[in-house]
Amino acid sequence: AIPGRQCMAMCFFLLKQFDDVLIYLKSIKAYLFNDDDFNVNYGLAKTATGHYKEGEEHLSNVQSEKYKSEYSYIMALARCYIYNRKPRMAWELYLKMETSHESFNLLQLIANDCYKMGHFFFSLKAFDVLERLDPNPEYWEGKRGACVGAFQQIAAGKESRDQLREIALMLRNTTNPQVEYIMKLFKKWAKDNGIKLS
């Protein structure tokens, strides 16, 4: 019966055995595809098992504003967006949040997962905010790496040259002495390629 399968799925959910959760939820999917409870649980389990496309699909089907404002929902959806090559949408989730411990954690997820996926511009944006909130040297290191990665993508023609101005502004937010050296490289490349940085 459907309630029994839902109970088994939730038992495995609490045990963080998400592959088993999916076995039970998949068996009742046809009956509950419009149910918010089902879509949240199925989306979270798909995300936890690395199936980000299906995770995003089910999380996006959720209609309840209560669910959409929950921390676990926002974090899972942001991760899905990043792994599905939609980092701007993950960033927009952050922009909608109030400043809190949860928004700080979302920034860390965006910074690190975007870096991992090569979405360096959005990784840089997140590391920039993190560094301003907490002067932890690790945030500078992440920011520096994302900055160089984003610049490399611009130089290779994979990202818009317009981003270079914003990257330079974020870099100037840092008091680290390495900024001067990086800015010299940016200015030289910009000058050689007819881009005005100021």
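Which helices do the buried residues of helix 4 pack against? They pack against helix 2 (18–32), helix 3 (36–48) and helix 6. The close-ups below come from a predicted model, where local features need pLDDT of at least 70, side-chain atom pairs count only at pLDDT 80 or more, and totals for chains, interfaces and linings use all residues. Residues are numbered from 1 along each chain as its sequence is written, and side-chain values use heavy atoms, with hydrogens and water left out.

**View 1. Helix 4 and its buried residues.** Helix 4 covers residues 52–60, and Tyr-52, Gly-55, Glu-56, His-58 and Leu-59 are buried there. Buried means under 20% relative accessible area, exposed over 50%, and partly exposed in between (1.4 Å probe, protein chains only). Helices are DSSP runs of H or I with at least four residues, numbered from the N terminus.

**View 2. Ala-76 in helix 6.** Here we're looking into helix 6 (residues 71–83). Ala-76 is buried, at a relative accessible area of 10%. Setting aside residues up to four places away in sequence, Ala-76 touches Leu-44, Thr-47 and Leu-59; contact means heavy atoms within 4.5 Å.

**View 3. The largest nonpolar core.** A nonpolar core is a set of buried Ala, Val, Leu, Ile, Met, Phe, Trp, Tyr and Cys residues joined through side-chain atoms within 4.5 Å. The largest one has 67 residues, of which Leu-106, Ile-110 and Phe-186 touch the most other members. Helix 6 supplies the largest share of this core, nine residues. Beyond its neighbours within four places in sequence, Ile-110 has contacts that include Ile-82, Trp-91, Tyr-115 and Phe-122.

**View 4. Helix 10 alongside helix 12.** The axes of helix 10 (residues 137–155) and helix 12 (residues 178–192) come within 12 Å and cross at roughly 10 degrees. So helix 10 is roughly parallel to helix 12, a label for angles under 35 degrees. Axes are lines fitted to C-alpha atoms, for helices over the stretch in contact, with angles running from 0 to 180 degrees between N-to-C directions. Among the contact residues are Trp-140, Cys-147 and Phe-151 of helix 10, plus Ile-182, Phe-186 and Trp-189 of helix 12.

**View 5. Cysteines without a disulfide.** The count is zero disulfides, a disulfide being a pair of cysteine sulfur atoms within 2.5 Å. For Cys-11, the closest cysteine sulfur, in Cys-7, is 9.3 Å away, too far for a bond. Cys-80 is in no disulfide either, as the nearest cysteine sulfur, that of Cys-114, is 13 Å away. Cys-11 is partly exposed at 37% relative accessible area, whereas Cys-80 is buried at 0%.

Methods. Helix = DSSP H or I, 4+ residues; strand = E, 2+ residues; numbered from the N terminus. Parallel < 35°, antiparallel > 145°, perpendicular 65-115°, else oblique.
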